[in-house]
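Hello,

I am handing over the structure below, followed by notes on what was found in it. Please read the notes with the model open beside you.

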Amino acid sequence: MNTYGIEKYGIINSKAVYRNLTPAQLVEAALRREEGTLSNTGALVVKTGKYTGRSANDKFIVDTPAVHDDIAWGKVNRPISKENFYAIYDKVVAYLQNKEVFIFDGFAGADPKYTKSFRIINELASQNLFIHQLLRRPSAEQLESFKEDYTIIAAPGFKCIPEMDHTRSEAAILVNYEDKLVVICGTQYAGEIKKSVFSVMNYVLPKEGVFPMHCSANIGHNGDSAVFFGLSGTGKTTLSADPNRKLIGDDEHGWADDSVFNFEGGCYAKCINLSPEGEPEIYNAIKFGALVENVVMDPETREFDFDDDSLAINSRVGYPVEYIPNAELSGMSPSVPKTVIFLTADAYGVLPPISKLDRNQAMYYFVSGFTSKVAGTEIGIKEPVPTFSTCFGEPFLPLDPSVYAQMLADKVEKSGAKVYLINTGWNGTGKRMKLAYTRAMVTAALTGEIEKSQFVKDPTFGVEVPTEIAGVPSELLIPENTWEDKEAYQASCKKLAASFVENFKKYTHMSQEVVEAGPKA
């Protein structure tokens, strides 16, 4: 039996070892192993059990002298000793003995100058299908000469014992940058695998002059590219899947001197309330080869009920980017971005639905990463909670925020890109902004039509707000106009501004000019 060299990881006596099976073969294996069932569209449907979102408190970085000074240690980047890492590692590889093992050898980074090779070792065929569709798939020739830069071992069936393993729960996501290893155990949520790849790219690419971004990206007919930053639930995937533009990718990209490139070869979209009218590209991508997590399905007809959140609010589907009709399959843009969009979902109802930022404001609002956590995206979040996530991707950023902020400013300055903050959240009416209005605002930014409008400065947040945009009721553009109670509006402004100011105090490496570019409490 060919084991493809997994003995070097300590995985021995395997029942069977499969490498880079086709989606059809992986679906067959998953069904044989009773990991999931097929929907009426042909998609593989699984339930991930206890963990239906990222378990942010269970992620650790191995603290070694080689990486210690690089890492921004704190509540996000928690240290674990090398000894404790390998104690868990040894248990995980022992657990994988006498089991079927599924390998995917592939790549992250569409630009060949910055591509990194990853070997993913899975206990589950369904998770191997997921990462096969999410990463960049090798050709037969590339597979023959493949040599991994990084290895990720995912064994959801292995449960940690916190008292013995120095973890916080039965789940653990352990990143060892020095030894180029990641161990994921105790959780079947597939997003942990893709985000571990992202965490690696966020560590290595800045050293190569590439700005790694938690963003989606697309290209217009004229080759003009745009990037959309935002956390889950802010519309990053939805707004970048534009029928009038080619999708580069929906989540993770690098900004080099001459390109924007996708790290991945697939998309991981939210399914809650999905409809063919609202998001046809995503809806139609749920077919054979896609992996669906935690979506309720009729056991007889195998039809989905995307509105039923009884399994998870954070229900998801993973599929290859070519399932999107207008995808840019090269994964690269022919140019650097001309438009940068920060997406947020403001539960206070006071941020303008769209505003323009100068250089220092761009750095300030980028580092702040304000939004409202959407229920289900992380364990324990039951309803929208106003929060700050550094650089719109705090859980995945090992370096100090100032490193990423300076890279953003330098890239924007060099490219001449315009930066806009778009609020897809709520206003004074208590209702969330209609998707059609947000799309109109995005289009105005991408085409440059927004620059023809008059702008007024928001007195609290200091940003420039357009007074008219085609297809959007003008009264919605100025948040105060949507509030009947003006005193309540002012109170909400002050409360949110004070939160910004207080939150920004922790960023001790930011210049005074950037600090002063924030809201006035």
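Strands β16 and β20 are paired antiparallel, with five bridges between them. This is a predicted model, and the notes below should be read with that in mind. Within the pair, Cys-267 has Tyr-319 of β20 as its bridge partner. Strand β17 (residues 291-293) is also antiparallel to β20, over three bridges, and there Val-292 stands opposite Val-317.

These strands belong to an open sheet of five, ordered β2-β3-β17-β20-β16, with mixed pairing. At its edges are β2 (37-38) and β16, each of which pairs on one side only. Between β2 and strand β3 (residues 44-46) there are two bridges in the antiparallel sense, and Leu-38 stands opposite Leu-44 of β3.

In a regular strand, side chains alternate between the two faces of the sheet. Strand β20 (residues 316-320) can be read with that in mind: Arg-316, Gly-318 and Pro-320 point one way, while Val-317 and Tyr-319 point the other way. The strand is mostly covered, with five of its five residues buried.

**Tyr-268**

The side chain of Tyr-268 makes a polar contact of 2.4 Å with that of Glu-293. Ala-312 is 44 residues from Tyr-268 along the chain, and the C-alpha atoms of the two are separated by 15 Å.

**The eight-stranded sheet**

There is also an open sheet of eight strands, with mixed pairing and the order β1-β6-β7-β8-β10-β9-β4-β5. Strands β1 (16-19) and β5 (78-80) are at the edges with a single partner strand each, so one side of each has no neighbour in the sheet. On average, neighbouring strands here are turned by 20 degrees against each other, direction ignored.

At the β5 end, strand β4 (residues 59-62) runs parallel to β5 and is joined to it by three bridges. Val-62 has Ile-80 of β5 as its bridge partner.

Which helices lie against this sheet? Helix α3 (residues 125-134) packs on it and touches β6 (100-108), β7 (116-122) and β8 (150-155). The direction of α3 makes about 10 degrees with that of β6. Helix α6 (residues 191-204) lies across β4, β6, β7, β8, β9 (172-176) and β10 (181-185), and runs at about 150 degrees to β7.

**Helix α1**

Helix α1 (residues 23-32) has Leu-26, Val-27, Ala-29 and Ala-30 among its residues, and these are buried. Viewed down the axis of α1, the buried residues fall within an arc of 160 degrees, so they line one face of the helix. An α-helix has 3.6 residues a turn, so residues three or four places apart point the same way. The elements covering the buried residues of α1 include β2, β3, β6 and α3, which draws on both sheets: β2 and β3 come from the five-stranded one and β6 from the eight-stranded one. After α1 comes Glu-34, with a positive phi near 60 degrees.

**Nonpolar cores**

The largest nonpolar core has 100 residues, and Phe-118, Phe-229, Phe-342 and Phe-366 touch the most other members. Helix α6 gives the most to this core, with seven residues. Apart from residues up to four places away in sequence, Phe-342 touches Phe-229 and Phe-366, as well as others including Leu-357, Phe-392, Leu-408 and Ile-422. A second, separate core has 25 residues, among them Ile-11, Val-92, Ile-103 and Ile-121.

**Ser-492**

Ser-492 is in helix α12 (residues 486-504). With a relative accessible area of 14%, Ser-492 is buried. Beyond its neighbours within four places in sequence, Ser-492 is in contact with Tyr-348, Val-350 and Trp-483.

Regards

How values were computed
Residues numbered from 1 in each chain as written. Predicted model: local features only at pLDDT ≥ 70, side-chain atom pairs only at ≥ 80, totals over all residues. Heavy atoms only, no water. Pairing = 2+ DSSP bridges. Helix = DSSP H or I, 4+ residues; strand = E, 2+ residues; numbered from the N terminus. Axes fitted to C-alpha atoms, helices over the stretch in contact; angles between N-to-C directions. Contact = heavy atoms within 4.5 Å. Polar contact = N/O pair within 3.5 Å; in protein donor to acceptor, adjacent residues only side chain to side chain. Core = buried A, V, L, I, M, F, W, Y, C linked by side-chain atoms within 4.5 Å. Buried < 20%, exposed > 50% of the residue type's maximum accessible area, 1.4 Å probe, protein only. Arc of directions from axis to C-beta.
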